[in-house]
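Let's take a walk through a protein model, stopping at a few residues along the way. Have the sequence and the 3D view ready.

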Amino acid sequence: MLCQACEKRQATTHIKTILNGELKEYNLCSECAQKHGYASFFGAPAFDFDKFFGSFMDGFGASKSRKRCQCCGSSFEDIAKTGKVGCAECYDVFYEELLPSIQRIHGRTAHTGKLAHAAGTEVKVRNEIAKYRSELEKAIKAQEFEKAAELRDKIKELEKCSGSDSYAQ
């Protein structure tokens, strides 16, 4: 297949982009791919993701803190420079420093996506309660009090079954 940009050389790079919900696919030769900012998988990256994610952390706790992760030895300054968290323990150690960056990157700090089939029932019930709470707030704002009462009852029933009393929070 020929490169769709120059129509001279053999296409070696397949690119898929989704912009505003529209999927576009391109087949480019290595030269045109590099010209458009896409480098080879094995070559030098055209875009340095480490520096990109590290830039999100600039100014957030990157002071000369001496706090280090007991597990891997990383400091927050190391994480801010590289854009990489040293290990899973770093998320607990540097929670306060990482939180603003995670919120900026992802928009929120709690998982809201699909759950694996193997996820425990406790997690599923907690997500269902959160969904009902969101609906409850909307119903109250819309002054749909009958619907709100039904949702409140569903929440109480789920909390009773799960053994938690988080409705009182």
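Start with Glu 7, which is exposed, at a relative accessible area of 58%. (Exposed means over 50% relative accessible area, buried means under 20%, and partly exposed is in between, using a 1.4 Å probe and protein chains only.) You'll find Glu 7 in the segment before strand 1 (13–19). Its phi is near 55 degrees, a positive value in a residue other than glycine. Helices (H or I, at least four residues) and strands (E, at least two) are DSSP runs, numbered from the N terminus.

A quick word on the background: this is a predicted model, where local features need pLDDT of at least 70 and side-chain atom pairs count only at pLDDT 80 or more, while totals for chains, interfaces and linings use all residues. Residues are numbered from 1 along each chain as its sequence is written, and side-chain values use heavy atoms, with hydrogens and water left out.

## Cys 29 and Ser 30

Is Cys 29 buried or exposed? Cys 29 is buried, with a relative accessible area of 1%. It sits in the loop between strand 2 (22–28) and helix 1. Leaving aside residues up to four places away in sequence, Cys 29 touches Cys 3, Cys 6, Arg 9, Gln 10, Ala 11 and Thr 12; touching here means heavy atoms within 4.5 Å. Cys 29 and Thr 12 are 17 residues apart along the chain, with 5.0 Å between their C-alpha atoms.

Next comes Ser 30, in helix 1 (residues 30–35). Ser 30 is partly exposed, at 46% relative accessible area.

## A buried serine

Now look for Ser 74, in the loop between helix 2 (49–56) and helix 3 (76–82). Ser 74 is buried, with a relative accessible area of 13%. Not counting residues up to four places away in sequence, its contacts include Lys 67, Arg 68 and Phe 94.

## The last two helices named here

Which loop holds Gln 143? Gln 143 is in the loop between helix 6 and helix 7. Gln 143 counts as exposed, at 58% relative accessibility, and its phi is near 60 degrees, a positive value in a residue other than glycine.

Finish with Lys 147, which is found in helix 7. Lys 147 is partly exposed, with a relative accessible area of 41%.
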